[in-house]
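Dear colleague,

I am handing over the structure below, followed by an account of what was found in it. Please read the notes alongside the coordinates.

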Amino acid sequence: MDLVFRASRVITPQGERAADVGVRDGRIEVVTGPDELSGDRVVELADDEVLLPGLVDTHVHVNDPGRSEWEGFPTATRAAAAGGVTTIVDMPLNSLPPTTSVDALEVKRKAADGNVHVDVGFWGGIIPGNRADLRPLHDAGVFGFKCFLIHSGVDEFPHVEHDELRAALTELRTADALTIVHAEDPHHVTESGPGYRDFLASRPHHAEGQAISGLIGLARETDARVHVLHLSSGEALPALREARAAGLRVTAETCPHYLTFIAEEIGDRATHFKCCPPIRDAANRELLWRGLADGLVDLVVSDHSPCTPELKEGDFATAWGGIASLQLGLPAVWTQARQRGHALTDVVRWMASAPAALVGLTRKGAIEPGRDADFAVFAPDDAFVVDRTRLHHRNPVTPYHGRPLAGVVRQTWLRGHRITGDRPTGRLLSRGDA
């Protein structure tokens, strides 16, 4: 072997075990019992460390090019690596131009090329009037298509109406392409007042519920693959259960902030907690955890949506809605998961194997032969207090600042090479490469 990892705890698709993991030419060659392999280099994990597959985050706003002062490929991917994430898929909006045509995709790929510390793929976008661009974008290698059912927050990426989404799903069904949806119904959303209670009331549970029910109806009508982004409302879980029972191809995700924070603890001026849909109450948080346990929520991804500090100032009516957390997702989820009796095998399923499967990344998300040698060395019983000045995000704005979290990422490896942050070695991925 070129490289051997030796650990008393390795998370594999079959469960946790002691193992040697042999790597050749950047791929996992074999997983054996402990002390069975030799190699040019042997990495022996400490007794308190666990070898995880590199995480896959399919919901990241890099904002590059065009708004690189908000984030950017070098900083976003370095933050990802520091958090044990070895693959991200970048959202089509907040960058300029948005990724709604092949030409725009090429602009984004040029901005990313040579500037990424982890592997990066791209989503395309669905907006009014770009139906003719969808199949060319699919053929150019995007991993699927995002749309909004409500104002996106940026005017250059307008939302689609019900009929426009039906037409897009009908078009994309011919390619069996995935459509991912920000599901809030604008007819049930009102203008927010300045405080957090005002903001929460302006985006109620039924705004999500109505949008998700309508999306499920379109999935039934078109037989298209659809995915609910950043589920925040546990009240939508019964509709997802019915969709699964009916055999519809509907999946859903939630995010670390919905599994961590609760509305009762958010002050009326704490705009760093603002995101859309909003963080809800403690009882709702437990519904989301139950949805994960029951398999109704398939995966957990960051929805990393940073901005400059100035855009987070003001009040909840005017501040930017988005949470920066790309570096912190694993310890944030593990902190809450372990309190509810979940194991690292569950966290790996939600944050590595399921996101990889969603987008067809067959070489990512698991420690087994044939996969890329992407790893996170994680110390689950270590702990730290989040210090925003130590994060690699471009702007030190996060609601996690000052919060104690369990679990420390000590090393991250991409295709058999440790990521140090000195030299970008990530690759740009296309759907056809998966």
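**Helix 11 and what follows**

Helix 11 is followed by Gly-360, a residue whose phi is positive, near 75°. Helices here are DSSP runs of H or I with at least four residues, and strands are runs of E with at least two, both numbered from the N terminus. Before going further, please note that this is a predicted model, in which local features need pLDDT of at least 70 and side-chain atom pairs count only at pLDDT 80 or more, while totals for chains, interfaces and linings use all residues. Residues are numbered from 1 along each chain as its sequence is written, and side-chain values use heavy atoms, with hydrogens and water left out.

Helix 11 itself covers residues 344-359, and its end C-alpha atoms are 22 Å apart, which agrees with the 22 Å that its 16 residues should span at 1.5 Å a residue (the expected span being 1.5 Å times one less than the number of residues). The helix bends by about 35° at Trp-350, where the bend is the angle between axes fitted to the seven residues ending there and the seven starting there. Because 12 of its 16 residues are buried, helix 11 is largely enclosed by the rest of the structure; buried means under 20% relative accessible area, exposed over 50%, and partly exposed in between, with a 1.4 Å probe and protein chains only. Among the buried residues are Trp-350, where the bend lies, and Val-359.

Just after helix 1, Gly-84 takes a positive phi of about 85°.

His-61 is placed in the loop between strand 6 (55-60) and helix 1 (73-82), and at 4% relative accessibility it counts as buried. Its side chain makes a polar contact of 3.4 Å with the side chain of Asp-303; a polar contact is a pair of N or O atoms within 3.5 Å, where within protein one must be able to donate a hydrogen and the other to accept it, and residues adjacent in sequence count only if both atoms are side-chain atoms. Not counting residues up to four places away in sequence, His-61 touches residues including Glu-71, Asp-90, Lys-146, Asp-303 and His-304, contact meaning heavy atoms within 4.5 Å.

**Salt bridges**

A search of the whole structure finds 34 salt bridges, each defined as a side-chain nitrogen of Lys or Arg within 4 Å of a carboxyl oxygen of Asp or Glu. One of them joins the side chains of Arg-410 and Asp-48 at 2.9 Å, N to O. That pair links distant parts of the chain, with Arg-410 in strand 16 (residues 404-414) and Asp-48 in the loop between strand 4 (41-44) and strand 5 (50-53), 362 residues apart. Arg-410 is partly exposed, with a relative accessible area of 30%, and Asp-48 is also partly exposed, with 34%.

Another salt bridge is formed by Glu-184 and Arg-203, whose closest N and O atoms are 3.0 Å apart. Both Glu-184 and Arg-203 are buried. In a further salt bridge, the side chains of Arg-244 and Asp-298 meet at 2.5 Å, N to O. This pair is 54 residues apart, Arg-244 being in helix 7 (residues 237-245) and Asp-298 in the loop between helix 9 (282-293) and strand 14 (299-300). Arg-244 counts as partly exposed at 26% relative accessibility, as does Asp-298 at 21%. Finally, a network of salt bridges links Arg-27, Asp-119, Arg-363, Lys-364, Asp-372, Asp-374 and Arg-415.

**Two further buried residues**

Thr-260, found in helix 8 (residues 256-260), counts as buried at 1% relative accessibility. A polar atom of the Thr-260 side chain lies 2.8 Å from the backbone oxygen of Pro-256. Phe-375, in strand 15 (residues 375-385), counts as buried at 0% relative accessibility. The C-alpha atoms of Phe-375 and Arg-415 are separated by 8.3 Å, although the two are 40 residues apart along the chain.

With best regards
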